[in-house]
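Reader: I am new to this structure. Please pick out one part of it, look at it closely, and then say what lies elsewhere.

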Protein chains: 2
Amino acid sequence: MIATGRLTVTGSREEGRLASPLGLHRVLKPGGVLPQAAWRLDSRPAIWPDEVRIRVDRLNLDAASYRQLRESTGGSAEAMRGAVLQIVADRGKMQNPVTGSGGMLTGVVDEAGPDSPLGLAPGDRVATLVSLSLTPLAITDGLAGWDGQSEQVPCAGHAILFGRSIAAVLPGDLPTGLALAVLDVCGAPALTGRVVADAAARGPIKPVVAILGAGGKSGSLSAVAARRAGAGRVIGVVPGEGAAAVRAAGLADQVVLADARDPVGLAGAVAAAGGPADVTVVCVDVPGCEGGAVLATAPGGTVIFFSMATSFTAAALGAEGVAADVTMLIGNGYVPGHADLALDLIRAEPGVRRLFEARLTES
Amino acid sequence: MIATGRLTVTGSREEGRLASPLGLHRVLKPGGVLPQAAWRLDSRPAIWPDEVRIRVDRLNLDAASYRQLRESTGGSAEAMRGAVLQIVADRGKMQNPVTGSGGMLTGVVDEAGPDSPLGLAPGDRVATLVSLSLTPLAITDGLAGWDGQSEQVPCAGHAILFGRSIAAVLPGDLPTGLALAVLDVCGAPALTGRVVADAAARGPIKPVVAILGAGGKSGSLSAVAARRAGAGRVIGVVPGEGAAAVRAAGLADQVVLADARDPVGLAGAVAAAGGPADVTVVCVDVPGCEGGAVLATAPGGTVIFFSMATSFTAAALGAEGVAADVTMLIGNGYVPGHADLALDLIRAEPGVRRLFEARLTES
C-alpha cells in the first residue's frame, strides 16, 4: 500500500476527515508530516474504520529515552511519572522530545474497525511492533503503578493502530518478557535470513556468514536464521566477554574474539575462521564498526547494518576508501512475517533461548 | 583482496615493513587503524613495490572542508595557504581535522611500482578516486599559485596511491573540469545501473525508477544510467528550479516538481507520474528525505541513498514505522568500472553534458 495519490481511503468519521493507513488523519501539528515526525497527534479513542484501539497495560520505554528521563528529572517516582504524563498530554504520543525515540507497548484489543487489515479481534493480547513515537496514546491512571525504577511502565489508557501499523499477538506458550525481548529485534533474523537465502540461491558455494555481536539479542537470532537459510558456515564474533556462553549456545560453527572497531584485527579474525564473509551482519551497538565490517566481507558480498550506532557517511566513504565492491544494507526493521519467524526461532533453538533467558534474569 | 589474515604481501622497503594494499604500512599514528582514520601518515616519496607516486598539480578540496577553512581563517590567501600547509605538514595528508573530509587531486604518474595492480604508467595524467583523507601527500611549493578564492588549489608536490587505491586516467577528449565533475559522482550511475538491471532481469515488467534530484550531477547521470539498464519509465523529481533545463535535457520520461522532504507530497507526485517506483534513487543533498523516498517506493522495491545528508536511523525507523518492505542501500561510491561508465555516459548523452557544462560555467 502506498500513501497518497493512491491512498487507500477507508472511510470517514464525524468531522469528515478521511482515514489514511499511515495515520495522516491523526496528525494535528504540523500539517503534512508523517505521525513519527509530528509534534502532536490526535489520540481520541473513537476509531476510524481501518483503525484498532488497544487497552494498554504496559509501556516499554526505549533505553535511550528512559536514560534521558532519569538523568533530566533525578529519577524519583513522582518526577518520572510527571515527565511521561506531560509528554503524552502535550504530544498525544510517548515520544521523548530530546531523544526522538519511543518504545513499544502491550495491551488487549478493545475494538477493531471493520476495515482494519491487521487481522486482530477484541480480546487479543498484543505487542505493537511500530514505535511509540508514532502511536496515538492517552494515559488514564496517572501511572500510579510505576515507581520510575524500570523502563517497563505499568499503565492504563488506550492507543490507536493505523491500517499500516504492525502488531503481534503475544503467544500463549512463551513468557511475556521473553516474547517481548524477541519481538523487539525480530526484523534482524528476518532480513538476515532473506539475504542469506538469496546468496545461497546464487550458489554453487554455500555462503559464509559473519555475525558481529553474536551474543546479543539480534545477533544470536540472526545467527540461527542464517544457518536455517542455507549458510555454509556461520562465524560468530564476540568482544571477549560471553564467548563461553555463545559457544555453549551452539549458534555458530566457530566463535572468534575480536573488537569490531579494529578493522584489521576483525578482518584477520574472520579470515582465520574461514572468511572473508559473503554476508556480514552488524549487531554491535557501538560506533565505529563500519570499516571492519566492510573489510571482513568478500568482494561482491553484502553487509547488513542493524546497529543504530551506524554512521551512514562512515559506511559510504569507508567502502569507497578501500575500493570494496560490497552491497551495504540499512537494516529495515520490517520484513513481512518477521514476528512469527523470530518467535518460531526461539521455540526451536534452545541454545538461543537460554541466552535470552540469562539476559532476562540479569536485568 | 581482503586486508590481513590473507594480506597480499607485495614486498618490503629498507626498514623491513611489509606493504599492505590498504596502506597500513603508511600509518604512523595511531597504530592499527586504516589510513582514513589515522591522525598521521608517512608521506615520504620512496614507494613500496605495489605503490604509485603522483606528481601533483592540483587539489580539489571538498566543499565542506573549503567552507570550514574560509570561515575559520577569514579567507585571506595567506591564511588559507597557511592552514592547508599546516594540515598537510602535521598529518601527511589533506584531511580537514574539523570536517574529517578531504577531496581529490589531479597529477601525473611519476613512478609505478612493479607490483602495482592499478595499471598506471609514468606520464599518465590521472585523478584520484579515493579521498584525500587517506592519501599520503607532501606539498613543495608553499601553494604559491593559490589565492585561496577557490576550492581548486594549484599545487606542486607528490602523493602516494596504495595497491587498493583507485585512480582514473583523465580522458584526452573531455575538458578537465568536465571530467573531474563527472568522476566526482561516478559511483552513483554505476550502482544505479546495477540495481536497475537486476530489477529488470527479475521481470516481466520493466522497473519504474524515480530519481530525487534529477537535475544535479549524480541525479542526471543516474537517470540516464537507469534508462540504459532497462528502466521502463524514469521519473525525474526536481524541487522547482531548473525543471525546464531538466526537461530539455531529455533524461527522464517525466519530470515532476516535489519537495523530497514532504513524504506525502513526494509519494503523490511519483504515483501520479506512473509510480510507485521499483527503484528510488536519492540524490538530494538535504536532510529529511528518507521518509518520502520510502513512501514513493513500491513494496519489494529498493531505495538507494547517495546523499551524504542521509540519516541511518531516520531511514531504518522510517521504513519500519510505515511497515514498508523495501530494500535500502547505502550508496557505495565504488563499483568496478564506475569511472569509465560515467565518462561514457557524458560522451553519449548530450542533454546531460549540457547540464554539467551549464553548472561549470556558473561556478
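Author: In this predicted model, B:Asn60 has B:Gln152 of strand S7(B) as its bridge partner. Strand S3 (residues 52–61) and strand S7 (residues 152–161) of chain B run antiparallel and are joined by 8 bridges; strands (E, at least two residues) and helices (H or I, at least four) are DSSP runs numbered from the N terminus, and two strands pair if DSSP finds at least two bridges between them. Both strands belong to an open sheet of 6 strands in chain B, ordered S6-S7-S3-S4-S5-S8 with antiparallel pairing. At its edges stand S6 (137–139) and S8 (167–169) of chain B, and each has a single partner strand, so one side of each lacks a neighbour in the sheet. From one strand to the next, the twist averages 35° (axes are lines fitted to C-alpha atoms, with angles from 0 to 180 degrees between N-to-C directions).

Helix H7 (residues 263–272) of chain A has 8 of its 10 residues buried, so the rest of the structure largely encloses it (buried is under 20% relative accessible area, with a 1.4 Å probe and protein chains only). The buried residues are A:Pro263, A:Val264, A:Leu266, A:Ala267, A:Gly268, A:Ala269, A:Val270 and A:Ala271. Among the elements of chain A that cover them are strands S9 (208–212), S10 (233–238), S11 (254–257) and S12 (277–282), together with helix H8 (290–295); contact means heavy atoms within 4.5 Å. Just after H7(A), A:Gly274 has a positive phi of about 115°.

Residues are numbered from 1 along each chain as its sequence is written, and chains are lettered from A and ligands numbered from 1 in the order written. Local features need pLDDT of at least 70, side-chain atom pairs count only at pLDDT 80 or more, and totals for chains, interfaces and linings use all residues, while side-chain values use heavy atoms, leaving out hydrogens and water.

Technical notes:
Buried < 20%, exposed > 50% of the residue type's maximum accessible area, 1.4 Å probe, protein only.
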